[in-house]
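Work through the exercises below with the model open. Try each task before reading its solution.

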Amino acid sequence: MADLIVDGGHPISGTVSPSGNKNAVLPMLCATLLTDEPVTLENVPEISDVAKILAYFESMGSTVARADDGATLTIRHDFNAFRDGDADLPLGIRSAVLLLAPVMVRTGTLTFDTDAKGCALGLREIDPHLEILEQFGARIVATHPYDIRREDRLKGQEIWADYASVTATETFAMIAATAEGSSVLMNAASEPHVQALCEMLRSMGAKIDGLGTSRLSVTGVERLSGTRVRVPDDHHEVATFLAIGGVTGGRLTVKTDITPHMTLILRQFEKLGLQFETTDDSITVTGWTREISRPYTREMLPKIEAAPWPYFPADLLPQAIGVAVGCHSEIMFWNKIYEGALAWSSELAKFGARVHLSDPHRLIVFGGNNLRPAEVEAPYIIRVVLGLFLAAIQVEGQSTIRKADPIRRAHPRFVEKLTELGAQVRWA
Ligand SMILES: CC(=O)N[C@H]1[C@@H](OP(=O)(O)OP(=O)(O)OC[C@H]2O[C@@H](n3ccc(=O)[nH]c3=O)[C@H](O)[C@@H]2O)O[C@H](CO)[C@@H](O)[C@@H]1O
Ligand SMILES: C=C(OP(=O)(O)O)C(=O)O
């Protein structure tokens, strides 16, 4: 495990381009299994989760060609069955669960023994995925390890999910695209990455309606073709860079075409005193007042709530918390999704921040802290490393974030990009 050494208190200014969205590229890579034709993906981030999925493809005999820009991949699969011993799905990443649907559609057989655990945010269940497979007609023959099979083409279904799950919605879309007849998913997730997968499937010939809403309807087609598509920029990374620029007193511009997806995200960071200017292809952080916006309802505690899209994303809550520790007054953070995503907040006390974990979902950050550099340890949660980084980078002096490696799962060249913008930060 590697540590991040952060020399805080220096303005980070300039212009930066964000990477492709990890949570978009992973389902898009998995969807390449739905066709025998080549698929080209542009703006692919060089991250360890992508490397694990590509290693799995190559172990199955698929070809992966990388263009000179390093970010354009052309993938072609020609296996249609597992050979003995080849069926190990990659472990240790949540998106392993996204291989289940396309492998089932492609080969008719699934054997695996993984809980597809990702970041340590609480229980990461696989039940919604298995339920969808079963509802479309696959049979669970054995569990732990799992042996799941289908005899015929999967059959279209109307499903009303318990909750709007990102990866389960992606599983649904990948199965329904070529299932017989029509399918509907109520309580579908609608995150930008879910929309990106559905747009990719459409460009392969799938008939999908309801993108960006909670009702996805799909008319199954016999086969999907190859395509060439671009992975969207990562809205988590866009917001993170802007926050880093703001808390260091810099003026930082992020070049991106995803400003329409950033409206609520920027509004929540504005509650923390960050100031932005937006154009069609860029967002600039221009200042940080440290003042939390006061609600008109004077008795109410200001709050930022994270929930499934179009709410503020749970994967941005740690970064918002990392900004809030430097503000002048108090604000509550409410993670409506995960029951284990806030325990790390006790590390913030080492910077001199005062926080109170009200229950597993709600955290109050008190303002007016006299922050100091600290040595802290990150849990296995990508975006918490960024939250701790935001606390460290705003304080003058040297801080250390132990076990910071999880950011390599989503944010390529993070340290290099920040160094180019004037940050004093390095791996150790
Ligand atoms: C590879 C990938 O894309 N990972 C993302 C995906 O994970 P993932 O798809 O695993 O997350 P889900 O959307 O399934 O939600 C995770 C867990 O939250 C709980 N839950 C969720 C929604 C809800 O309304 N009620 C509820 O209880 C469930 O216990 C569920 O197991 O979406 C999460 C939520 O945006 C993000 O944090 C992850 O980065
Ligand atoms: C929680 C995350 O990832 P995963 O679901 O892959 O663990 C994340 O991307 O912040």
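**Exercise 1.** Find which element gives the most to the shell around ligand 1.

*Solution.* Helices are DSSP runs of H or I with at least four residues, strands are E runs of at least two, and both are numbered from the N terminus. Next, list the elements that give two or more residues to this shell: α1 and α5 (166-176). Then look at the whole shell. Ligand 1 is surrounded by 19 residues, and the closest are Asn-23, Tyr-163, Ser-165, Val-166 and Thr-167. A residue counts as near if its C-beta atom, placed from the backbone, lies within 6 Å. Finally, sort the shell around ligand 1 by class: 11 nonpolar, 4 polar and 4 charged residues. Here Ala, Val, Leu, Ile, Met, Phe, Trp, Tyr, Cys and Pro are nonpolar, Asp, Glu, Lys and Arg are charged, and the others, Gly among them, are polar.

The model is predicted: local features need pLDDT of at least 70 and side-chain atom pairs pLDDT 80 or more, while totals for chains, interfaces and linings use all residues. Residues are numbered from 1 along each chain as its sequence is written, and chains are lettered from A and ligands numbered from 1 in the order in which they are written.

**Exercise 2.** Explain why ligand 2 lies between the domains.

*Solution.* First, get the bounds. The domain assignment, automatic or from a database, gives domain 1 (4-19 + 233-427) and domain 2 (22-230). Now check the shell. Its residues include Lys-22, Arg-94, Asp-315 and Arg-383. Both domains give residues to this shell, so ligand 2 lies between them. By element, α1 (22-31) and α10 each supply at least two residues. By class, the shell around ligand 2 has 5 nonpolar, 3 polar and 4 charged residues.

**Exercise 3.** Describe how domain 1 and domain 2 touch.

*Solution.* Take the centres first: the C-alpha centres of the two domains lie 31 Å apart. Then count contacts (C-beta atoms, placed from the backbone, within 7 Å). 19 residues of domain 1 are in contact with 15 residues of domain 2. The domain 1 side has 11 nonpolar, 4 polar and 4 charged residues.

**Exercise 4.** State how α9 and α10 pack.

*Solution.* Read off the geometry. Helix α9 (residues 317-324) and helix α10 (residues 382-393) pack at about 15 degrees, with axes 7 Å apart. That makes α9 roughly parallel to α10, a term for angles under 35 degrees. Axes are lines fitted to C-alpha atoms over the stretch in contact, and angles run from 0 to 180 degrees between N-to-C directions.

Technical notes: Parallel < 35°, antiparallel > 145°, perpendicular 65-115°, else oblique. Contact = placed C-beta atoms within 7 Å.
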